[in-house]
Amino acid sequence: MQARSPSSAGPGRDTPGPTMADTPTMNIPTVDLLDLASGEPARLERAAAALREAFGVFGLVFVKNHGVDAPALERFYDAFSAFVARPDAQKRPLGRADLWYQRGWTPPNTEVAVASNGQPDFKECYFAAPTPTDAQSAMEFPELYPENIWPDDAPPFFQEGLLTMGTALHEAGLKLLRGAALALNLPEDTFTAACEKAPHVTRALQYLPLGPTQVNTGILWGEEHTDFNLLTLLPGGRFLDPAGRPAPKPDDQSGLYLRTRATPDAPNGQMVRGTAPAGCIVAQVGQQLEILTGGTFLATPHVITAPGVPGWQRQSAAHFMHVHTSQVLFPLPGFRTPEAVANYAPPVLAGTYDIKTLVDIGLAPPAALDKLGYRHYDRLNRMRATS
Ligand SMILES: [Fe+2]
């Protein structure tokens with residue numbers, strides 16, 4: 001599922017820019033998944049402490065011993081690159097508006113948040129679910145649980161690479177969610193139980209090249225936003241030079257930046273680099289985890305800045321873990337302070353939350369909001385019309 005939500009508190013497009021280039025990563029903690037798996041109290045507490053600070057202050061954590069196969073990720077990016085290079089006419093049948101783009105190809109200029117202000121959309125994407133579709137959930141929310149779709153003649157390792165990466169990220173995410181529960185002194189399965197059989201989805205992204213007249217004009221590859229799901233896993237991306245070859249970043253200004261939470265000293269937060277240490281991946285807090293924890297863990301505003309040189313592309317990927325569509329989103333009992341209740345009331349079904357967000361960002365049609373359990377409303381009208 002698409003995991004962008006327009007940021008209500010974000011700056012204009014021109015705010016992020018080269019001034020962020022030298023911003024350090026500050027002291028974003030790293031969590032070791034082997035600590036979480038060790039069962040040793042001291043190691044568990046070390047991991048829990050890292051998660052408390054990382055998710056509470058920064059909204060993200062660096063993760064080591066995550067299980068994502070780096071060479072396989074490179075192979076997948078090669079396959080994805082080959083797919084993106086195909087003519088639009090070949091990709092168009094995989095751009096499924098009827099599935100709210102939750103599977104297959106997301107063409108450029110599809111998302112409102114990115115296309116706003118008349119700016120072109122500088123990315124195209126591919127969605128697939130690495131976990132099996134739950135039949136009952138699919139009956140209730142068909143557009144959130146479609147079967148995967150694939151190109152007939154997909155490049156080698158396209159399907160396998162995306163699913164393998166998604167599965168590894170999902171497993172890492174489940175471990176982190178158990179750790180997050182421990183960090184908050186909650187039963188270990190608090191979050192993993194809430195996301196069982198949920199509409200988790202893995203996305204490959206390719207940020208497209210800017211032309212010579214577009215660079216350094218404030219155009220962003222990914223506008224600042226917070227993710228609307230529970231937890232997002234980012235395995236790391238790579239740049240492609242103007243010839244389409246993998247290459248080191250072309251300058252210091254391009255890449256992922258995130259905004260820390262507000263403090264009295266920095267009421268707008270601080271923009272810091274989100275680049276993970278070598279060998280680590282990134283996990284980010286989404287809005288659903290923020291709601292469940294009453295804001296103790298805060299969804300991270302983040303932005304993808306484009307390079308200051310034309311012709312470069314960037315490939316990346318994300319796995320979006322969700323709360324199950326039938327779960328209620330509201331602060332858990334221990335987090336229901338008057339402030340949290342005021343901030344997150346009224347309780348809302350996660351599936352409804354998903355649909356509203358997908359409408360807001362232009363992937364689902366506005367009419368989807370008229371059908372939230374009210375399909376029977378027009379029955380009387382139909383009966384009267386035929387009498
Ligand atoms: Fe995001």
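This is a predicted model: local features need pLDDT of at least 70, side-chain atom pairs count only at pLDDT 80 or more; totals for chains, interfaces and linings use all residues.

Let's start inside. The largest nonpolar core holds 91 residues, and the members that touch the most others are Leu51, Ala54, Leu60, Val61, Val63, Ala180 and Leu231. Which helix gives the most to this core? That would be α7, spanning residues 158-183, with 11 residues.

Pick Leu60 from that group and look around it. Setting aside residues up to four places away in sequence, Leu60 touches Ile28, Ala54, Leu258, Gly274, Val282, Ala283, Gln284, Val285 and Thr300. Ala54 is also one of the core members with the most contacts to other members.

Now slide over to Leu230, which sits in the loop between β7 (220-226) and β8 (231-234). Is this leucine buried or exposed? Leu230 counts as buried because it has 31 C-beta neighbours inside 10 Å, and the cut-off for buried is 20 or more. Once you ignore neighbours within four places in sequence, its contacts are Phe191, Cys195, Gly286, Gln288, Leu289, Met321, His322 and Val323.

Pro93 has 12 C-beta neighbours inside 10 Å, so it counts as exposed. Trp105 is 12 residues away along the chain, and the two C-alpha atoms are separated by 8.5 Å.

Next, some backbone geometry. Where do positive phi values turn up in residues other than glycine? Phe157 has a phi near 75 degrees, and Lys197 has one of about 60 degrees. Phe157 is in the loop between α6 (135-140) and α7, while Lys197 is in the loop between α8 (190-194) and β6 (201-207). Phe157 is partly exposed because 17 other C-beta atoms lie within 10 Å. Lys197 counts as partly exposed, too, because it has 17 C-beta neighbours inside 10 Å.

Finish at the peptide bond joining Ala345 and Pro346, which is cis, with omega at about -5 degrees. You'll find Pro346 in the loop between α10 (338-344) and β17 (348-349).

Notes. Residues are numbered from 1 along each chain as its sequence is written. A nonpolar core is a set of buried Ala, Val, Leu, Ile, Met, Phe, Trp, Tyr and Cys residues joined through C-beta atoms within 7 Å. Helices (H or I, at least four residues) and strands (E, at least two) are DSSP runs, numbered from the N terminus. Two residues are in contact if their C-beta atoms, placed from the backbone, lie within 7 Å.
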